[in-house]
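Visitor: I would like to learn how to read a few features of a protein model. Could you take me through them slowly?

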Amino acid sequence: MCSVMSRVNPAQRVVSVALRLRPNAPGSSCAAARRGRLCPGLTSAAEPLRLTSRWFSSRAAVTQGLLFRQLFEAESSTYTYLLADTDTKEAVIIDPVLETIDRDLHLINQLGLNLKVAVNTHCHADHITSTGLMKKRLFGLKSAISKFSGASADIFLSEGDKITFGKHSLTVRETPGHTDGCATLVLGDQSMAFTGDTLLIRGCGRTDFQQGCSKTLYESIHQKIFTLPDECLVYPAHDYLGQTVSTVGEERKFNPRLTKSLEDFVNIMKNLNLPKPAKIDISVPANLVCGLHGL
């Protein structure tokens, strides 16, 4: 796989190298670490740093003509993804969060995008989606979610369905286990996979509520995600340690749960003893009606 740096033009590489040679610059990542944020490559005490704030980041898109933004909501550590065709300006947004709707819509407006579809990877338990409210503020916007989620939407997704935007598309792979309605969205050239809560960076979604099943989750990941190319970038719905992206090859090799046998994986998941999500009692009912319950 070519490095990300090899995919950008010479001028961009010069800027990138210059920034790396100025570690004390106000905008550098290490300077940000000194202000309390995570700096890749730095270690702290035994307890990992928890990311407290991030607005959005831009990565060099592997696919030509693709605009890509990774956005972050701090309270639930949720990633929202914005993808667009740079020619037609048609766009999709994945897992938008109610608390950051103004930020997201402002960015969409700034970039001159025509948002066609807002899709949720599953019915979330830890935050309320902004999909329903976003539809009220953007004419023609359609909502989408798996047909097995039990939630309302304009578009119900099944295995193999495609969400198109300009010349690009996302293909649906059904990946139940965390919930019955979990779906992974794979970019047409298989360079990116948006895995929701199914596969996290060095982890996976829990299976102790919302139709969770450890065996099903294990099989979903191995059959639907680990069969993608090693270099396929993995973008999850959450990360609690400041990590932003992984690859299928990395997770297949290093994920501490999913490198185990099915039996060992089931035992690991059975003994996680995680606390109940703080917002589950309000998030799930709201997300079943596109985030509009009580609004």
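Guide: We shall go through a sheet, a residue in it, and then some aromatic rings. This is a predicted model, in which local features need pLDDT of at least 70 and side-chain atom pairs count only at pLDDT 80 or more, while totals for chains, interfaces and linings use all residues. Residues are numbered from 1 along each chain as its sequence is written, and side-chain values use heavy atoms, with hydrogens and water left out.

Visitor: In what order do the strands of the open sheet of six strands run?

Guide: Strands of a sheet pair through backbone hydrogen bonds, either parallel or antiparallel. Strands here are DSSP runs of E with at least two residues, helices are runs of H or I with at least four, and both are numbered from the N terminus; two strands pair if DSSP finds at least two bridges between them. In this open sheet the order is β8-β9-β10-β11-β14-β15, with mixed pairing. The edge strands, each pairing on one side only, are β8 (162-165) and β15.

Visitor: How many bridges join β14 to β15?

Guide: Two bridges join β14 (residues 233-236) to β15, and these strands run antiparallel. Opposite S246 in β15 stands V234.

Visitor: Is S246 buried or exposed?

Guide: Buried means under 20% relative accessible area, exposed over 50%, and partly exposed in between, with a 1.4 Å probe and protein chains only. S246 counts as buried because its relative accessible area is 1%. Leaving aside residues up to four places away in sequence, S246 touches I201, R202, C232, L233, V234 and E251, where contact means heavy atoms within 4.5 Å.

Visitor: Which residues form one aromatic cluster?

Guide: The cluster is formed by F68, F72, Y79, Y81, F194 and Y235.

How values were computed:
Rings of Phe, Tyr and Trp (its six-membered ring) pair if their centres lie within 6.5 Å; planes under 30 degrees apart count as stacked, over 60 as edge-to-face and the rest as tilted.
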